[in-house]
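Student: I would like to learn how to read a sheet and a ligand site in a model such as this one. Could we go through them step by step?
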Amino acid sequence: MTAEPNEAAVRLTGVSKTYGRGRTAVAALRDASLTVMPGELVAVMGPSGSGKSTLLAVIGGLLTPDTGTVVVGGVEVTALSRGSRARYRATRVGFVFQSLNLVPFLTARENLLLMASLAGTTRTAARRRAGNLLAELGLEGRERDFPGQLSGGEQQRVAIARALIHEPAVLLADEPTASLDTERGYAVAVLLAREVRRRRTAGVLVTHDPRMASVADRVVRAADGSLTETADAKAG
Ligand SMILES: Nc1ncnc2c1ncn2[C@@H]1O[C@H](COP(=O)(O)OP(=O)(O)OP(=O)(O)O)[C@@H](O)[C@H]1O
Ligand SMILES: [Mg+2]
């Protein structure tokens, strides 16, 4: 499952997805292609309804496109059976959403260990990684706090740590900073970019905020289901 050094971590080719049929059909993705290298963070920007969340769902194996192929870490996700796709999601993909989705009755650390156990990480390795990740994300001493005892920014950092605990091939973040104020949001985006680079994970960050997008290596525009590479390189 390990990819060659110069091999793309994520490769979408000619992906289309239409919801519904007939007069109510909505083309959410139209012939979309995208390549993300290991350790690269790509920001996806575009208006509401342009297909950004659908793109993440397709990469994450939550949704099967009508046409095209999705290859992640050398595995053709679009060719997997339903069961293998569920396994792919649990072991190879990390998700961070706008809404926090932390389990409220589990501590920060337990939220991480739950994800690790779903991915089949051994208990000992999971405990070690949970401690390291939480410390790296500035949450040392907060491991035993429940989400309700943490600030929005701290909770979002727990969510990032949880998305990384099983060493996914791809980290998918859908407006992960939208519920935070500008400064905290930016700090979370910077952390996300740093973790993607240092772990050689491919990252796709959906955001409406140009400042968040500036932490990415590349910005891709989504418009009416089509993706276009933009010339504006990383700003900071
Ligand atoms: N389950 C669904 N059934 C029908 N149509 C859907 C479904 N999910 C999304 N759509 C439609 O597909 C299009 C793309 O939706 P998508 O959620 O990917 O957009 P988005 O770029 O993430 O928007 P936003 O910025 O508002 O989150 C929209 O027109 C939306 O209404
Ligand atoms: Mg969306």
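Tutor: Two strands pair if DSSP finds at least two bridges between them, and the elements themselves are DSSP runs numbered from the N terminus, helices being H or I of at least four residues and strands E of at least two. This is a predicted model, in which local features need pLDDT of at least 70 and side-chain atom pairs count only at pLDDT 80 or more, while totals for chains, interfaces and linings use all residues. Residues are numbered from 1 along each chain as its sequence is written, chains are lettered from A and ligands numbered from 1 in the order in which they are written, and side-chain values use heavy atoms, with hydrogens and water left out.

Student: In which order do the four strands of the open sheet lie?

Tutor: The order is β2-β1-β4-β5, with antiparallel pairing; β2 (26-36) and β5 (75-76) are the edge strands, each pairing on one side only.

Student: Over how many bridges do β1 and β4 pair?

Tutor: Strand β1 (residues 10-19) and strand β4 (residues 67-72) are joined in the antiparallel sense over five bridges; S16 has T67 in β4 as its bridge partner, and T13 stands opposite T69 in β4. Between β4 and β5 there are two bridges, again antiparallel, with V71 opposite E76 in β5. These two strands, β4 and β5, form a hairpin with two residues between them, and G73 in the turn has a positive phi of about 55°.

Student: Which residues come nearest to ligand 1?

Tutor: A residue is near a molecule if one of its heavy atoms lies within 4 Å of it. Of the 13 residues around ligand 1, those that come nearest are S48, G49, K52, S53 and T54. The largest share of the shell, three residues, comes from α1, and β2 and α1 each supply at least two residues. Counting Ala, Val, Leu, Ile, Met, Phe, Trp, Tyr, Cys and Pro as nonpolar, Asp, Glu, Lys and Arg as charged, and the others, Gly among them, as polar, the shell has four nonpolar, seven polar and two charged residues.

Student: What lies 2.7 Å from an oxygen atom of ligand 1?

Tutor: A polar contact is a pair of N or O atoms within 3.5 Å. Here a polar side-chain atom of K52 lies at that 2.7 Å distance from a ligand 1 oxygen, whereas for G49 a backbone N or O atom is 2.8 Å from an oxygen atom of ligand 1. For accessible areas, which come from the Shrake-Rupley method with a 1.4 Å probe, ligand 1 taken alone exposes 640 Å², of which the protein buries 59%.

Technical notes: Polar contact = N/O pair within 3.5 Å; in protein donor to acceptor, adjacent residues only side chain to side chain.
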